[in-house]
Amino acid sequence: MTDAPVLLDVTDGVATVTLHRPEAMNSLDVATKVLLLETLRQVADLDSVRCVVLTGSGRAFCTGQDLKEHIGLLRSSTGPRLSTVEEHYNPIVTALVEMPKPTVAAVNGVAAGAGASLALACDLRLVADTAGFNFAFANVALSCDTGMSWTLQRIVGRARALELLYFPRTVGAEESASLGLATTVVAPDDLVAETAALAARLAAGPTVALASIREAVTFAGDHPFSEALATEARLMNRTGATADHEAAVAAFVAKQKPVFEGR
C-alpha cells in the first residue's frame, strides 16, 4: 500500500479517490490538499472516467483541517492565517461541484469540518450506519468553509443549517438520512459493494446529460425562473447534440436498451 495521502483507482469507468491518512483520521494537511486537488482535476479530464467516488481509508471519512499542522502554521505565519481557504479548499470544492461527471461520497466514518463539506459537495452520499457528520467549525472558533455555507442550507434549510453550525454535534447516519444529508444509509460491511453498484450505474449512464442536469438544478436554485428556463434551453441544446441522445432515441424506436458512451 502506497504512503501517498490520496489514492486513485480507475476501474470500469469509475475513479475512486481515497483520502489515505488513516492514522490522522484522514485530516487534511497541505500535502493532502495539494494532491487531492491534483487528483480531482486529473479525473475530471480523463475521458475514461464516467463517475467519481470520494471516500476515506480506516475509520474516518475525513475530519477536516489537520489541526496539528495548523497550529504550527498559525504560530509561524506572517501572512493571512487562513490562506489555505483560497489556495486549497476553494479550488478543491470547486473541482468537485463542477466535476463534468457524477460524484458520490462513500462516507465510511465521521465526516467533520471541511470533511463534511467535501461530502456535501458530492451529488450523492452513501453513509455507513456507524458514520456521521459534524459541522465542527465553531468548536475551533472559525467560520465555515469549503462551500459549507452554500451546500448545507440547500439541503436542510437555513434555520437548521445555522443550528448545526452554531452547536456542532455528530449527526448520526439515521438522522442524516432524515435531514437529507445522507442519500442512503447502509451497513458498514456493505458500503463498498453498494457504492460500487451505484457508481457502476452512474458510469453506464449518459454522463453529459447527468452533468447537465446537475448544472441546471444548481443554477435554478438561486436564479429567477426566466433565467432557469434559458439555462435549461442551453443545456438541452448541448445534450441534444450528443451521440448518447441520438443512440437513446434510436434504441427507444427499436425497443432496445440504449448503450451510453458519455459523449
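The structure is a predicted model, in which local features require pLDDT of at least 70 and side-chain atom pairs count only at pLDDT 80 or more, whereas totals for chains, interfaces and linings use all residues. Residues are numbered from 1 along each chain as its sequence is written, and side-chain values use heavy atoms, with hydrogens and water left out.

The protein contains eleven helices and ten strands; these elements are DSSP runs numbered from the N terminus, with helices (H or I) of at least four residues and strands (E) of at least two. The radius of gyration is 19 Å, close to the 18 Å given by the globule rule for 263 residues, so the protein is as compact as a globular protein of that length. This radius is taken over C-alpha atoms, and the rule is 2.2 Å times the number of residues to the power 0.38. The C-alpha trace spans about 65 × 45 × 40 Å along its principal axes.

Of the 263 residues, 43% are buried, a term that denotes under 20% relative accessible area, with exposed meaning over 50% and partly exposed lying in between (1.4 Å probe, protein chains only). The accessible surface comes to about 13,400 Å², and carbon and sulfur atoms contribute 57% of it; areas were computed by the Shrake-Rupley method with a 1.4 Å probe. Among contacts with a separation of 6 or more, 68% are between residues 24 or more positions apart, contact meaning heavy atoms within 4.5 Å. There are 21 positive and 29 negative side chains, and the centres of the two sets lie 3 Å apart. Lys and Arg count as positive and Asp and Glu as negative, while His and the chain ends are not counted; each charge is placed at NZ of Lys, CZ of Arg, CG of Asp or CD of Glu.

Strand β5 (residues 103-107) is largely enclosed by the rest of the structure, because five of its five residues are buried. Thr-103, Ala-105 and Val-107 point one way from β5, and Val-104 and Ala-106 point the other way. Strand β3 (residues 51-56) runs parallel to β5 and is joined to it by four bridges, with Val-53 opposite Val-104. Strand β7 (residues 124-128) also pairs with β5 in the parallel sense, over four bridges, and here Ala-105 stands opposite Arg-125. Pairing requires that DSSP find at least two bridges between two strands.

Val-171 lies in strand β9 (residues 170-172) and is buried at 0% relative accessibility. Leaving aside residues up to four places away in sequence, Val-171 touches Ala-131, Gly-132, Phe-133, Phe-135, Leu-164, Ser-176, Leu-179 and Leu-181. Thr-195 is 24 residues from Val-171 in sequence and 21 Å from it in space, C-alpha to C-alpha.

Asp-66, between β4 (60-62) and α2 (67-76), is buried at 10% relative accessibility. With residues up to four places away in sequence not counted, Asp-66 touches Arg-21, Ser-27, Leu-28 and Asp-29. Asn-26 occupies the loop between β2 and α1 (30-45) and is buried at 1% relative accessibility; its phi is near 55 degrees, a positive value in a residue other than glycine. Asp-12, in the loop between β1 (6-11) and β2 (14-19), likewise has a positive phi, near 50 degrees, but is exposed, with a relative accessible area of 75%.
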